[in-house]
Amino acid sequence: MSKKGPLRDAGDEDLRVGSPKEWAAGVPAVVHSMVMSYAQMGVKRTFLTLARVNQKDGFDCPGCAWPEGQHRSPAEFCENGAKAVAEEATLRRVTRDFFAEHTLDELAQRTDYWLGQQGRLTEPMHKPVGSDRYMPVTWDDAFAIIARELRALDSPDEALFYTSGRTSNEAAFLYQLLVRRLGTNNLPDCSNMCHESSGSALTQTLGIGKGTVSLDDLYKADLIFVVGQNPGTNHPRMLSALEKAKGNGARIVAVNPLPEAGLLRFKNPQRAGGVLGRGTTLADRFLQIRLNGDLALFQAMSRLLLEAEDASPGSAIDREFIEAHTHGFDDWDRDIRDLDWADVEEATGLPRTGIEDTVRDVLGAKSVIVCWAMGLTQHKNSVATIREVVNFLLLRGNVGRPGAGVCPVRGHSNVQGDRTMGIYEKPSAAFLDALRDEFGFEPPRHHGADAVESIRALRDGHAKVFLAMGGNFVAATPDTAVTEAAMRRARLSVQVSTKLNRSHAVCGAEALILPTLGRTERDGDQFVTVEDSMGMVHASRGRMRPASPDLLSEVAIVCRLARKIFNSSDHPGSDIPWESFEADYGAIRDRIERVVPGFGDFNARVRAPGGFALPNAPRDERRFPTETGKANFTVNALEVLRVPEGRLLLQTVRSHDQYNTTIYGLDDRYRGVHSGRRVVFVNPEDLAERGMADGEIVDLISEWPDGERKAEEFRIIAYPTARGCCAAYFPETNVLVPLDSVAETSNTPTSKSVVVRLGRRTSVGG
């Protein structure tokens with residue numbers, strides 16, 4: 001509990017709405033960072049901790065996966081990074097007394113903001129079957145409970161093992177080793193809900209499920225598209241990189257339904273011009289696209305490039321690259337020439353002249369990068385959309401050369417590393433073969449359950465044990481009522497966590513909370529490693545004293561659990577040296593080196609300042625390890641998402657005081673929102689058509705074949721979003737997304753294209 005006493009659970013009764021900002025960062029970002037840091041950590045701890053963030057001998061910021069360059073400033077963090085560190089390094093503590101005072105029903109009525117504000121978890125806690133609250137438990141007894149329940153299963157596939165992106169490479173590798181030694185591939189992770197569409201599309205087209213650019217490529221680009229992404233809130237250090245790219249001559253095109261302050265103008269607080277001047281205008285062109293119109297946009301731009309090539313052969317497309325390195329061009333070429341411009345204009349909401357002007361930018365650029373985030377990945381046609389982005393880049397040879405390529409920008413700080421380490425429900429045969437050869441057992445070959453399939457398995461009684469290595473699964477997933485009911489059906493749920501969240505209150509019949517070290521904290525003499533969004537692997541060393549002497553590292557938790565499960569000399573799995581791994585993380589890295597390609601001489605290379613880059617065949621060699629051996633052009637049908645009359649297309653977004661389901665505060669100052677979260681942003685013309693006005697209170701109602709879903713009491717904010725579209729924060733609006741509404745191929749929830757109507761309740765003053 002807070003040293004200042006319990007915090008009341010904030011509602012929206014103090015909600016204030018002002019004008020949205022036209023610039024990001026600057027002095028206010030510094031002030032907000034320090035205010036929140038001082039409140040959580042105190043003055044001395046703030047400066048000691050922030051001085052180590054993203055430094056070569058420090059710890060990796062848990063706030064996002066944006067890479068660091070070789071030359072780093074003394075303050076190599078952003079406002080939201082400072083908030084993330086403050087939340088973890090807080091002086092507030094949640095002790096056994098807190099759990100004695102609060103029943104599960106009471107905690108379930110609290111918001112994630114209130115739960116997170118209570119502080120760091122300090123010791124293992126256990127909710128026995130039939131109890132209404134948690135009580136202290138020893139580590140040994142906690143591991144015994146988990147081992148007992150796992151042994152009682154009829155099949156290992158009745159257990160689910162979730163992972164969030166904060167898990168280190170070492171912990172993730174051991175976690176998947178334990179799970180596969182147990183006999184299942186049920187390894188859902190947070191990628192399933194965010195960038196799975198990117199991985200699916202890029203693996204099909206380029207042969208690698210990651211981006212193909214480095215930070216240096218961004219600085220060498222002539223033209224950068226930032227699509228479906230709000231870097232000012234979600235990856236603020238990206239703004240500095242875009243500013244540097246602009247200084248080197250790049251042009252930037254922002255594609256988004258919402259005007260985002262960070263892409264309009266950036267006031268770099270580490271530059272005099274950002275403190276005293278107007279800062280830097282980043283976006284040279286803003287395409288305010290209708291939600292789900294991105295596939296049509298990239299098809300239209302490609303069609304115009306082909307027409308330019310027809311008019312002046314050799315001027316618009318790279319035929320030499322296409323012939324040498326790609327497959328499927330002719331089929332795609334025939335299909336794209338049948339594109340209907342009326343469909344394009346309806347899907348995008350953009351005039352043809354705006355798209356033609358953008359193509360002139362493309363024709364004037366030798367090197368083009370397309371960056372994107374969840375604005376592209378959470379639609380039914382997300383995989384097709386990203387494949388079309390690849391088509392657009394392949395057309396002019398913008399893959400595999402300096403300043404060009406694909407750049408999916410991930411959020412979680414090691415979500416990409418977790419996948420590299422084998423956290424995947426559909427592992428490749430090559431990875432499983434390497435695991436078998438290294439550890440001497442035959443891993444399971446059948447596919448496991450992803451996040452959505454895990455919820456179904458719990459709901460239908462096919463899964464009985466749920467273990468999460470970090471994250472807030474209940475709040476991060478769709479169809480809130482279904483997810484919560486499914487989790488409560490589990491026989492045992494286990495959460496490895498640093499802070500309290502909703503997944504602790506909505507739990508199985510029996511439940512455990514296992515508190516772990518954070519990135520900021522010392523782990524004896526050990527260090528861990530992470531992989532950033534551009535494939536750089538580097539060390540992370542916490543320096544702060546642990547929040548409690550009863551905390552264990554994630555590595556220690558996995559190793560001790562494995563020893564408890566495989567506790568006899570003749571039990572499968574006991575031959576793996578779990579105790580040695582816990583004692584020496586270098587021994588884990590030695591095994592990673594022999595299993596995972598690209599990690600040769602791991603222990604030596606990761607000790608070099610800044611770490612090392614993993615091999616990337618499309619980027620490094622213009623080699624494409626696809627089924628065809630080439631980069632694949634793909635044909636993707638354009639289906640215009642037509643919304644019924646009177647309805648709007650909703651996208652879920654973060655506030656500026658938010659990181660995924662972690663709510664740092666109740667403000668979103670770039671959008672003019674203060675002291676509240678239950679708001680919906682709607683274009684003023686759409687409001688006028690409905691006879692509604694700014695300030696009204698409405699319910700958001702989504703309509704599906706199985707019935708309606710409702711998110712109640714949202715204040716309308718008249719906002720300059722694209723016509724026909726609206727936006728609201730998650731997790732509050734996750735309830736509107738059905739479990740079965742997922743992207744084709746990737747199975748990612750469709751949280752960025754939800755058809756809703758606004759149901760009037762009552763009116764309040766503006």
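This is a predicted model: local features need pLDDT of at least 70, side-chain atom pairs count only at pLDDT 80 or more; totals for chains, interfaces and linings use all residues.
1. Residues are numbered from 1 along each chain as its sequence is written, and side-chain values use heavy atoms, leaving out hydrogens and water.

2. On to the ring pairs. Rings of Phe, Tyr and Trp (its six-membered ring) pair if their centres lie within 6.5 Å; planes under 30 degrees apart are stacked, over 60 edge-to-face, and the rest tilted. That rule gives 22 aromatic pairs. One of them is F466 with F473, a tilted pair at 4.8 Å centre to centre and 45 degrees between the planes. F466 has 0% relative accessibility, so it counts as buried; F473, at 1%, counts as buried too.

3. Back to F602 and F612: their ring centres are 5.9 Å apart with the planes at 85 degrees, so this pair is edge-to-face. Since F602 sits in helix α31 (residues 602-605) and F612 in strand β21 (residues 612-613), the pair ties together parts 10 residues apart in sequence. Helices (H or I, at least four residues) and strands (E, at least two) are DSSP runs, numbered from the N terminus.

4. F612 also has a charge over its face: R605, 3.9 Å from the ring centre. The cut-off is NZ of Lys or CZ of Arg within 6 Å of the ring centre and within 35 degrees of the ring normal. R589 lies over the face of F527 at 4.0 Å from the ring centre.

5. Have a look at the cluster as well: F98, F99, W114 and Y134 are linked by ring pairs.

Technical notes:
Buried means under 20% relative accessible area, exposed over 50%, partly exposed in between (1.4 Å probe, protein chains only).
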